[in-house]
Structures are given as C-alpha cells and as structure tokens.
Amino acid sequence: MAKTDKQHINKKGGGTMISNILIIGSGGREHALAWKLAQSPRIGKLYVAPGNGGTRDIAENIAIEATDARGLARFAEKNSINLTVVGPDDPLAFGVVDVFQSHGLRIFGPTRVAAQIEASKAFAKRLMRDSDIPTAPFRIFRKHESALEYVRKHGAPIVVKASGLALGKGAYPCKTLAKAEKALAEIMLERAYNQAGNEVIVEEFLNGQEVSIHALCDGKTSILLPTAQDHKPIFDGDKGKNTGGMGTIAPVPWVTDQTLREVNEQIVRPTLQALTKKGKPFTGCLYPGLKMTDEGPKVLEYNARFGDPETQSYMRLLKTDLLDVLDACVDGKLADLAVEWNSGFAVCVVLASGGYPGKYKKEIPISGITEAEKIPGVVVFHAGTMCSDQLRTSGGRVLGVTAIGKTLQKALDRAYEAVRQIKFKDMQYRKDIGAKAIAMGF
Ligand SMILES: Nc1ncnc2c1ncn2[C@@H]1O[C@H](COP(=O)(O)OP(=O)(O)O)[C@@H](O)[C@H]1O
Ligand SMILES: [Mg+2]
C-alpha cells in the first residue's frame with residue numbers, strides 16, 4: 001500500500017487500520033516505544049514530542065514540550081493522530097489525558113485524578129492503608145516541626161519522602177538520624193522540590209530486593225508484564241544517590257509465578273479496584289515499585305506510566321505488536337488480547353554523564369554507537385542526546401544499551417561488550433547490573 005493511502009483518519013479505534021502515532025517525551029523509554037511501534041505493520045506517521053537524537057532517526061521529532069498539553073492536542077488534531085502515548089509522569093499529573101479526551105482524541109495514559117496514585121505519595125499511602133495493600137507503615141506531615149519530632153522519636157533507619165513529583169530524587173532512605181534530619185530540612189525548609197514537599201511521608205525502612213511490576217490496564221481488565229529489576233542508586237553495590245534508574249533486567253529470574261500471582265491478587269487488583277471505587281478508574285500502565293521483604297512483597301510507591309529503563313528492556317522482549325496492545329488498553333478490549341513475550345532475557349545498561357544525578361556537563365560528543373549495535377542482540381536507545389553537527393550529550397542519562405540473550409549472563413555479556421564500544425568524556429555506568437540475580441545462581 002502506498003504511504004499516502006495509509007493516512008486514514010481513524011479516531012475511534014484500532015482494528016486493522018493504519019495509525020498515525022504521537023509519543024510524548026524525550027527519554028530512553030520513548031525511544032524504545034518508538035522503536036517498537038515503528039515495527040508495527042499498521043504504523044502510519046510516527047512523531048515524538050520533543051524526542052531526542054535517537055528518535056529523529058525513526059520518527060519525526062516535534063518541538064513541543066511534553067507538558068504543553070494544549071499545544072500537543074492541537075498538533076494531534078492537525079496531523080490526524082489516531083493514538084497518542086504518554087511517556088513521562090508530569091504531563092499525566094498536569095492532565096494531558098483529560099485535555100486530549102475533551103477534544104475527542106485517543107490517548108494512552110490515566111486521567112489527572114487517576115495519575116494521583118503517582119503524583120501524590122500521600123494519596124497513594126492512604127489508598128493502600130484503606131484497602132489493606134501491603135506497604136511500609138507511615139505518617140504524613142505538613143509541618144517541619146512535627147515531622148522532625150517524629151523522626152527523632154522514631155530514630156534511624158527511616159525513610160523520608162516528598163509526596164509530589166521530584167524527578168526520582170525526592171525519596172531519602174536514611175541510615176542515620178542526621179541524614180533524616182537533613183532530608184526533612186531539604187524538603188520542608190529549603191523547599192528543594194517546591195510544592196512537591198508540601199506533604200512529607202515518613203515511613204519504615206524496608207529491607208529486601210526491589211522489583212518493578214507493570215500492569216497494562218484498560219479500566220476493567222489488567223495484564224501483568226514480566227517482572228523487571230531497576231538499579232536506582234548511581235554507584236555499584238547500590239551506593240550513592242538515587243537516580244531515574246541506571247539499568248534493568250527482565251524478567252527477574254527468581255520471582256516465581258506464584259509470587260507474581262500473589263502480587264496481582266494482593267496489590268495490583270485491589271489498587272485498581274480502589275481507584276475505580278473512588279471514581280478514578282485507571283487506564284494505561286500501572287507500575288508499582290515493590291520491596292520483596294521477609295513478610296512478602298510491599299509497595300514502595302506507584303507510578304502511573306511505564307518505567308524508563310524497564311521499558312527499554314521490555315520492548316526487546318515483547319512479541320505482540322505494541323500498537324495492538326496500546327489500542328486494546330485505550331479501547332477497553334484488553335480481555336480479547338493475548339500479549340506474547342519472547343523467551344530469554346533482556347537487559348539495559350544506562351550510560352550517564354559524569355556528575356549525574358548532580359550537576360553535569362552537556363554537549364559532549366558521543367562515539368561508538370554504530371560499532372556497539374554490530375554486536376548481536378544489541379540495540380542502543382537514546383535518552384539525553386541531541387544532534388547538531390554530530391551526536392552530543394544533552395542530559396544526565398545519555399544512552400540505554402540494551403541486549404537480549406537466551407540466558408541473563410549472555411544478555412549482560414553482550415550489553416557490556418557494547419558499552420565498551422561507546423565513548424563520551426566522563427561517561428559513567430554501573431558495572432553490576434543484574435549481578436544480584438547472577439550471584440543467586442541464575
Ligand atoms: N520504605 C523504604 N525502605 C527502603 N528503601 C526505600 C523505601 N522507600 C523508598 N526506598 C528507596 O528509595 C527509592 C525511591 O523511592 P520511591 O518511593 O520509589 O520514590 P521515587 O521513585 O518517586 O523517588 C526506592 O526505589 C528504594 O530504593
Ligand atoms: Mg520509584
């Protein structure tokens with residue numbers, strides 16, 4: 001079929017129709033989604049707003065900010081976009097889905113009120129308490145004085161969190177009382193995260209490995225994706241400050257089907273039911289972050305979107321056409337769809353700018369991606385990159401080097417071999433992605 005014949009307007013639905021797609025965001029997650037959608041036999045025009053130096057090779061980058069909901073909706077109407085996919089958290093919290101829906105535009109993601117499950121940790125904690133969903137015991141504070149008094153009484157280890165969105169930097173797991181006091185001062189007095197710190201959660205420190213759960217939801221039905229494990233702290237051995245994620249493995253080999261069923265029954269379903277009961281039915285991707293404690297899985301927080309480094313691994317494993325999956329979610333037809341995954345493992349190793357998650361330099365030339373992608377099973381997704389005279393860095397997390405393999409070790413070997421091909425000044429990455437699972441004998 002000629003390209004022009006494909007450009008039908010198809011506001012209402014999926015089926016066999018060709019679709020023009022708009023992806024909102026500019027990270028590795030968005031590049032991975034674009035990469036997978038570009039392989040759909042039904043793909044028409046593919047746009048990413050604002051996109052990055054990698055998405056420009058497979059889609060058209062549009063210079064509209066991810067948080068400019070009205071600008072994005074205008075673009076979608078003008079360009080006969082059949083489906084818009086929201087990557088990041090803040091457009092959801094600002095109500096991009098509501099704006100699109102009020103224009104009769106199809107969009108993948110939760111409404112503003114449903115996205116509160118991520119945008120307000122206080123809301124999420126209260127919902128968990130009311131619905132008996134396992135999570136760390138907690139208190140919520142609005143006054144620094146009372147939070148400080150409580151923290152002093154309770155002692156360390158303890159966790160202090162800004163309730164609102166804080167670019168993955170607002171949670172402080174504190175091993176000492178001094179650290180907890182400093183966290184409270186940063187959030188509540190210095191206002192490091194502005195209004196995101198209006199409410200503060202102080203909660204029990206949980207021990208155990210972290211697992212990312214992703215559930216696709218159409219408002220009625222939900223389907224679990226494979227488990228994934230992110231590596232949040234910047235340095236090997238989970239040392240240093242938390243980041244937006246330094247690398248993932250999927251699936252997590254030691255999480256059994258039985259555990260996953262329990263997570264579904266005790267966490268995912270009750271959460272979706274509670275949201276529906278509150279008049280906030282959830283469509284899109286619900287991503288609870290879990291700690292696997294001795295007492296069982298407990299929720300650390302919810303995200304209302306795909307995880308960034310997780311999605312880079314997921315897209316390497318997904319067999320089903322992603323467009324079919326997203327259409328089914330938006331159209332409430334998830335029950336009719338069998339989502340299939342390739343066997344084996346996928347991993348993602350994030351290459352970050354020196355200094356990240358603190359201050360870092362930008363516009364540093366990047367080389368070696370072509371060589372890296374010659375290694376079998378390797379695909380490099382871009383995050384903080386831009387293309388001017390040549391490819392350069394433009395953000396903290398720069399690239400996601402992904403690889404698939406029959407075994408976890410094989411996937412890791414390929415990914416790290418690819419990493420060695422890539423160079424930019426002061427590049428940093430974790431050398432122990434997947435190491436916990438390997439040490440457990442997988
Ligand atoms: N109760 C807790 N006990 C131990 N570690 C925690 C706890 N809550 C959060 N963390 C750590 O802090 C990280 C970030 O916390 P999270 O609640 O996911 O907030 P965000 O992702 O919004 O920064 C988690 O991935 C986990 O490593
Ligand atoms: Mg988190």
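Two strands pair if DSSP finds at least two bridges between them, and I wrote this down before looking up any sheet. Helices (H or I, at least four residues) and strands (E, at least two) are DSSP runs, numbered from the N terminus.

**Entry 1: what I am working with.** I noted that this is a predicted model, in which local features need pLDDT of at least 70 and side-chain atom pairs count only at pLDDT 80 or more, while totals for chains, interfaces and linings use all residues. Residues are numbered from 1 along each chain as its sequence is written, chains are lettered from A and ligands numbered from 1 in the order in which they are written, and side-chain values use heavy atoms, with hydrogens and water left out.

**Entry 2: the five-stranded sheet.** I looked up an open sheet of 5 strands and found the order S13-S16-S19-S23-S20, with antiparallel pairing. Its edges are strand S13 (229-230) and strand S20 (378-382), each of which pairs on one side only. Within this sheet I followed strand S19 (residues 345-352) to strand S23 (residues 397-405), which run antiparallel and are joined by 8 bridges; Cys 348, for instance, has Thr 402 in S23 as its bridge partner.

**Entry 3: the four-stranded sheet.** Another open sheet has 4 strands in the order S6-S9-S7-S8, again with antiparallel pairing. Strand S6 (138-141) and S8 are the edge strands, pairing on one side only. On average, neighbouring strands of this sheet are turned by 15° against each other, direction ignored (axes are lines fitted to C-alpha atoms, for helices over the stretch in contact, and angles run from 0 to 180 degrees between N-to-C directions). I then checked which helix packs on the sheet: helix H7 (residues 144-154) touches S6, S7 and S9, and its direction makes about 155° with that of S6, where contact means heavy atoms within 4.5 Å. Helix H8 (residues 177-189) lies across S6, S7, S8 and S9, and runs at about 10° to S7. Between S7 and S8, which run antiparallel, I found 4 bridges, and the partner of Val 159 in S8 is Pro 173.

**Entry 4: around ligand 1.** I found 16 residues surrounding ligand 1, the closest being Lys 121, Lys 161, Glu 203, Leu 206 and Glu 210; a residue is near a molecule if one of its heavy atoms lies within 4 Å of it. The shell has 6 nonpolar, 2 polar and 8 charged residues, where Ala, Val, Leu, Ile, Met, Phe, Trp, Tyr, Cys and Pro count as nonpolar, Asp, Glu, Lys and Arg as charged, and the others, Gly among them, as polar. Strand S7 (158-162), strand S8 (171-174), strand S9 (200-204) and strand S18 (296-303) each supply at least two residues of this shell.

Next I looked for polar contacts, here pairs of N or O atoms within 3.5 Å. The side chain of Lys 121 has an N or O atom 2.7 Å from an oxygen atom of ligand 1, and a polar side-chain atom of Lys 161 also lies 2.7 Å from a ligand oxygen. For Asn 242, the distance from a side-chain N or O atom to an oxygen atom of ligand 1 is 3.3 Å. The protein covers 90% of the 540 Å² of accessible area that ligand 1 has on its own, by the Shrake-Rupley method with a 1.4 Å probe.

**Entry 5: backbone exceptions.** Most residues other than glycine have a negative phi, and most peptide bonds are trans. I noted that the bond from Ala 49 to Pro 50 is cis, with omega near -5°, and that Pro 50 is in strand S2 (residues 43-50). Glu 363, which is not a glycine, has a positive phi of about 65° and sits in the loop between S19 and helix H12 (369-372).

Definitions and conventions:
A polar contact is a pair of N or O atoms within 3.5 Å; within protein, one must be able to donate a hydrogen and the other to accept it, and residues adjacent in sequence count only if both atoms are side-chain atoms.
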